[in-house]
Every structure is written in C-alpha cells, then in structure tokens.
Amino acid sequence: MLLLAVAAALTLGIGVRPVGIAEIWQAFAAPDPNNPAHVTILSIRLPRLWAGIIAGGALGMAGTVMQALTRNPLADPGILGINAGAAFAIVFGSLLLQQADVGLVAVLAFPGAALASLAVFLLGGGRHGDAGPVRLALAGAALNALLLSLVSGVVVLRADSLEVFRFWVVGSLAQAGERPLMAMAAVTLFGAGLALALAPRIEALSLGSALSRGLGTRPGRVQAGGLLAVTALTGAAVSVAGPVAFLGLMVPPISRRITGHELRAELLVSASLGASILLLADTAGRLIFAPAELGAGVMTALIGGPVFVLIARRLLPGGQT
Amino acid sequence: MRGAIILAAIIALSAALSLTLGEVHLGLDALWQGLWGGDGPGALTIRIIRGPRVAVALGAGAVLGLSGAIFQMLLRNPLAAPDVMGFTAGAGLAVVAALSAGLILPMPLVAAAGGLAAAAVVAVCAYRPGQSVAPLTLVLVGLGVAYTIAALGAFVVTRLPGPEAAEAQRWFAGSLAARDWGHALQVWGIGAVLALALVPQVRALELLDLGSDLAGGLGLRVGRARWLLALTGVLLAAAGVAVAGPIPFVALMAAPLGARLAGARGATGRLAAAAGAGAIITVLADLAARAAIPGLQLPIGIMTGILGAPYLLWRLSREMEKGEL
C-alpha cells in the first residue's frame, strides 16, 4: 500500500512540469482553474492515475488468477493473447461500427477477451487436463502474434498515426482522459470480487481435480468462474490502457514471496503491486525521453521480457521436454 | 527432380503474378516489352518499382527459409526457427538502432552482429551447467528474448522524430517498400556466398540428424559442426533482415512447406526446397500485403503474421498429438 501511495504521488508530481506535494494537496483541497499546475494535476494526471490503478490492479489480479488456475508460471493475459483479443475486438468494432462513442465500443473488449481466453485454453490443451506450460506459452504467443498483426492491419487502415498504433499494440496510459474510466472501474471491482470469492476453490483445485471433488468443489464451474474473472479484469484493463503485457507475469511471483500461499492475500497484494508497477513504469516512460513519451506498455515489456527468460530457463531442466 | 520442377514453376508463377498485379495492373505482354527495352509503363514498373521489390523478396525469402531449415534440422524441432527464437528480431534491432544513431555502416554487417548477439544471449540464458539444453528450452528462452528485443525496438523508435519513427516502426515489422536493385544484389550476393559455405556442411547436418552420439561415433566433431551450422544459419537470417526487416514466420514455415511441395528427401533436397518455399511465401505475402486493399500498402510483416500464427498453432496441436509437448 505504501508503495502504491508513493507511486501515485510520483505520477501526479513528476512530468514535463514538476509539481510539489504541497501544491498537489492544494489542487485537491482548493482547486483554482486559473492555476496551470492545478489544471495539469486534475485534468491530465489524475485520469492517468486512475487508469494506472484500474489497469495495473486488474492485470496483476488477472495474472494471479491465471497462474493459479493453470499452475503455469508463464500465464499472463498479455503473453497468452487475451489482451490482444480485447484490443482486436475494440479496434475492429470501431472500424465496423464507425462508432465514435468510446464507451459503447469498449464493451466489445469483453467478448474479445472471453473468446481469446477460451481459444488459448482449448489450444493449450486445457480440455485434456494439465496443459504443459511450454505448449500454453507457445499457443499464447501464436495467438498474440496473430491478433496483434490484425490489430496493426486495422490501425494502419484507419489512421497512420503512430500514437494510435502504440496505444492499441503496446499499451499506454497516455489516452487516459478519453477512456471510459468509471465504467471500467466498476467492472474491475466485479472481477476482483469474483476472483476473491473463488479463491479458496481455486486453491482446492490446485490440489488436483480428484481431491478437490472430494472436498466438494466442481472443477468445471471453478474454471469457468475463473475465466469469467480473468475476462472481466483483462477487458477492463485493455479498454483503459491498451494491451499492456507482462504485468500479470511478474507481479504474482513477487506477491507470492510476500504472502506465502494464500490466494486471497496474494490477489490483494497483486492488485496493489500491479497498480504501483504500472504507475512507476508510466512515470519512468514520461521522464526518460521527455518531452517524448515512452508508453507504459514498452516499459513493462522491457522489464517483463527478461523476467520471462528467467522463468523459462527454469521450466525445463535437463534434456527432456 | 520432379519436386524441383514443381517448386521452380511455382516460384516463376508467383513472381509473374507479383510483377503484374498491384496499383497498376499490367498485362504479361507489357511486362515482356518492358523487360527488353522501350519506355512504356511496363518498363518503368518492372525496372524501377516492382522488379527490384520482387527480386529482394525472392532473395530475402530464400535466405530466411534456408536459415529456418538449418535450425529446424540442427535442433530437430519444427518450432526452432530463427524468427521464433528472436535472432531475426535481434538483427532488426541492430539495424534500427544503427540507423537512428545516424551511423553509416554496411547494414548486412550490422544485422549479422545483432543476430549473433541475440543468438548468443539465447544460448547463454538457456545454458545450465552440466546439462544438455533441450531444443524447447531454447525456443522458450528465445521467445522471451524476442519479447525483450521488441520492447527495445519500441524504445529506440520513440527517440526518433515523427515521420522517421513511423518509417522505423514499419521496417521493424518487416517491409519491402522502396527497395532498389542494390538491395537485391546485396541479398543475392551474400546469400550465394553463404549457400556455398553451407555445401561442405550438409553432410554434418545429415549425420547430426541421426543423433549426436551416432554422429560422433561416425567421426563427426559434433560441437564444432554445430557451432558452424548455427553461425551460417544466423548469418543467412541476418542477410534477409538487412534488406527486408525481421519478417516474422517465413523461416518457421518455409522448410515444412517446401518438403510438402517438393517431396524432398535428404538434407540437400530439404534445404533447397526450404529456400524455394521461403521465396514463394515472401513474394506472395508481399503481393497480398500491397494489393489486397486498394490504395493501401500494408507492411509484409502483418501479412506473414496473419498467415504464420495459425500455422504455428496448427503445428503445436500436431506436436501435441504426437505426444512431444
């Protein structure tokens, strides 16, 4: 929580125009529409902060649920193509509908995320019980490549703007002001509640399906509920921040270190860690090449790629597959 | 022999299609006249616009396909292609970085350095002391390295001014726009030299296909042969990247497609078929990318992504049925 508070303060304070903590407080306590610093805080950086908290928290939790469900340390909504599914549905939907209303098109993120998570679950061999981590990761990578190619194709069709391309292919918090923040915050809360409610049963499932049935859990239902939670969380995150990858990969191992193996606590820690990391990544991305911005998605990928390598090299010891 | 004829026919057909179709449709007769002189619209198209583009596509596709076949045979795994493992992305990153830093260097050398660096990183990261490295570990570690390189690419691109950034972004996805005969000469020249260097190594590749123990027993210096083959493979891929960007999935798809089209057996046949199939895939994907939607040129990388990713999924489900994953 402390980390989140620091990250939030940095998001508000740092940027092309630095603002002191006292003045941030002033902006909230006694907003002055003529003070440019106050306007910056309230109308530009505050939406960014909300977007970061929603998307980061949602992706952190989504990754935790996926890793617990699949028992695969490489599970992440970005790597397995679920982010890309949501992004593709939004981009393609707004192309077909010629719809300017952001909120309406953003709803499409959910069927997109649901279809992609179902697809990767089936392709990864989920039906036959344990999907091997390698297979799941490769199936996800392929799905991701396919959907992001389609997204790039559609985005190139619509506008040659690099900003739009970056948002929908890599993810960033730069368009926070235009995204449907309130609605997606509500969906995130729903997904979080569902994940927390299912947590004990997901834990039971990880003991193996026979044993968990003995404990009164129905594996099919828990899996479906888990997929629903992942879909809600991922869809909400993508509609405010684009397909930011790797948060769901790196957050769960850290929160497992902190909480031990208690899924509910792990979920809560993951949410605040995910939000903090995304906000810090965004702030760093704004600072490095100021005034040019490096999308938050690029920053998370810069950290997340090496994390993926570290996990992958541990996954397959020895000469067998 | 029959396979070679079939492949050559498909290559010729693809090239002819690619030369005639596009923004301006040309008849074969106009092309023919353009080829032999005169200054009609056919001459302009074939000599300056589409001719070099098709030549570059054929060359880049061939070297990428060859490189894919080498790694797939060397690691005995159909997923082990230089594009899946991040080698082509490394070569592409090096080129984009050199361009953005304003360095005037020969691009094939820069691409080769980047590709070798990426391959070295993958090898080092996958290495565990005292254990042999499973091909799938290399594939998975390479995937992570490819992700990292893509992020680094975005990092470099952000520093460029607007129009150049868009251009670099396009190139990093793989693009054949605005190629000239110099590029074609370059990729064909380097490709020919490397293919010649590959000839004495074919026997080693055949022996390694029997398993490293048996190959060693038959007198092959396994370690040295592997390093040389990997080096040749990375250099081939880099030669393609230097002129066409890191086009995804061509190297992955070429060898299996070539084997199917030509029914080739033996290492030499499979390598040649992979080169031919790579050329076919690249030429046709480029044609689809620029002619599918009138008035709009998509980068070829988007097209091979749309084609290649489903292939990878299908391959995975096949591997799983065979119980290998």
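Buried means under 20% relative accessible area, exposed over 50% and partly exposed in between, taken with a 1.4 Å probe on protein chains only. The model shown is predicted: local features need pLDDT of at least 70, side-chain atom pairs count only at pLDDT 80 or more, and totals for chains, interfaces and linings use all residues. Residues are numbered from 1 along each chain as its sequence is written, chains are lettered from A and ligands numbered from 1 in the order in which they are written, and side-chain values use heavy atoms, with hydrogens and water left out.

**View 1. Salt bridge between Arg290(B) and Asp286(B).**
The closest N and O atoms of this pair are 3.6 Å apart; a salt bridge is a side-chain nitrogen of Lys or Arg within 4 Å of a carboxyl oxygen of Asp or Glu. Both residues belong to helix α13 (residues 266-291) of chain B and stand four residues apart, about one turn of the helix. Helices (H or I, at least four residues) and strands (E, at least two) are DSSP runs, numbered from the N terminus. Arg290(B) has 5% relative accessibility and therefore counts as buried. Asp286(B) is buried too, with a relative accessible area of 1%.

**View 2. Salt bridge between Asp282(A) and Arg48(A).**
The closest N and O atoms are 2.9 Å apart. The pair links distant parts of the chain, with Asp282(A) in helix α13 (residues 263-288) of chain A and Arg48(A) in helix α3 of chain A, 234 residues apart. Asp282(A) has a relative accessible area of 1%, so it is buried. Arg48(A), with a relative accessible area of 6%, is buried as well. Over all chains the rule counts five salt bridges.

**View 3. Salt bridge between Arg256(A) and Glu266(A).**
The side chains meet at 3.3 Å, N to O. Arg256(A) lies in helix α12 (residues 247-259) of chain A and Glu266(A) in helix α13 of chain A, so the pair ties together parts that are 10 residues apart in sequence. Arg256(A), at 28% relative accessibility, counts as partly exposed, whereas Glu266(A) is buried, with a relative accessible area of 5%.

Thr64(A) is a residue of helix α3 (residues 36-70) of chain A and is buried, with a relative accessible area of 0%. Thr231(A) sits in helix α11 (residues 219-241) of chain A and, at 8% relative accessibility, counts as buried. The secondary structure of chain A comes to 14 helices and zero strands, and 58% of its 321 residues count as buried.

Because 11 of the 14 residues of α4(B) are buried, the helix is largely enclosed by the rest of the structure. Among the buried residues are Phe87(B), Leu93(B), Val95(B) and Val96(B). Gly102(B), which follows α4(B), has a positive phi, near 75°. Leu75(B) touches Ala80(B), Met85(B), Pro135(B) and Leu138(B), not counting residues up to four places away in sequence.

**View 4. Interface of chain B and chain A.**
The contact takes 46 residues from chain B and 49 residues from chain A. The two chains bury about 3900 Å² between them, 78% of it on carbon and sulfur atoms; buried area is the accessible area (1.4 Å probe) that two parts lose on being put together, summed over both. In chain B, Leu140(B), Tyr147(B) and Thr158(B) lose the most area to chain A, together 17% of what that side buries. Across this interface of chain B and chain A the rule finds zero salt bridges.

Terms used: Contact = heavy atoms within 4.5 Å.
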